Amino acid sequence: MKKHLLLSLGLMFSILTVVAQQKVKDGTVTGSNLPNKDAILELESSNKGLLHVRVTLKATTNAFPLTAHVAGMISINLTSDRMQL
């Protein structure tokens, strides 16, 4: 009986973590603590921004140092003033 209960609880928690959403706040905005229902991650601040990963690409047509181009991935190319998508 205990095995079944532990297995059920473990399965329930693993399912909850798969569909979890997260809202990160810095306390400068008051209001709802719930994230947007269509977002998996929401950042909320009135005076801070998001800093993306910065890499040095050999060329805009060459994914190095990444392993491949991925649709939707954002990287900031340090050798250019343009954002590479």
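A nonpolar surface patch of about 500 Å² is formed by V24, I40, L41, L43 and L50. Such patches consist of residues with over 30% relative accessible area and no salt bridge, with nonpolar side chains (Val, Leu, Ile, Met, Phe, Trp, Tyr) joined within 5 Å. Accessible areas come from the Shrake-Rupley method with a 1.4 Å probe, and for residues only the protein chains shown count as cover.

The model is predicted: local features need pLDDT of at least 70, side-chain atom pairs count only at pLDDT 80 or more, and totals for chains, interfaces and linings use all residues. Residues are numbered from 1 along each chain as its sequence is written, and side-chain values use heavy atoms, without hydrogens or water.

**Exercise 1.** State the confidence of the model and name the elements with the lowest and the highest mean pLDDT.

*Solution.* Step 1: pLDDT is the predictor's confidence in each residue, from 0 to 100. Step 2: the chain averages 76, and 81% of the residues score at least 70. Strands (E, at least two residues) are DSSP runs, numbered from the N terminus.

**Exercise 2.** Describe how β1 and β2 pair, and identify the two faces of β2.

*Solution.* Step 1: two strands pair if DSSP finds at least two bridges between them. Step 2: β1 (residues 22–25) and β2 are joined by four bridges in the parallel sense. Step 3: Q22 has L41 in β2 as its bridge partner. Step 4: β2 (residues 41–44) has E42 and E44 on its covered face, and L41 and L43 on its uncovered face. V24 of the patch lies in strand β1 and is partly exposed, with a relative accessible area of 39%.

**Exercise 3.** Locate the salt bridge and characterise the surroundings of E44.

*Solution.* Step 1: a salt bridge is a side-chain nitrogen of Lys or Arg within 4 Å of a carboxyl oxygen of Asp or Glu. Step 2: a search of the whole structure finds one. E44 forms a salt bridge with K25, the closest N and O atoms being 3.5 Å apart. The pair links distant parts of the chain, since E44 is in β2 and K25 in β1, 19 residues apart. Step 3: E44 is buried at 18% relative accessible area, while K25 is partly exposed at 30%. Buried means under 20%, exposed over 50%, and partly exposed in between (1.4 Å probe, protein chains only). Step 4: not counting residues up to four places away in sequence, E44 touches K23, V24, K25, D26 and V29, where contact means heavy atoms within 4.5 Å.

Conventions:
Patches are made of residues with over 30% relative accessible area and no salt bridge: like charges are joined within 9 Å, nonpolar side chains (Val, Leu, Ile, Met, Phe, Trp, Tyr) within 5 Å.
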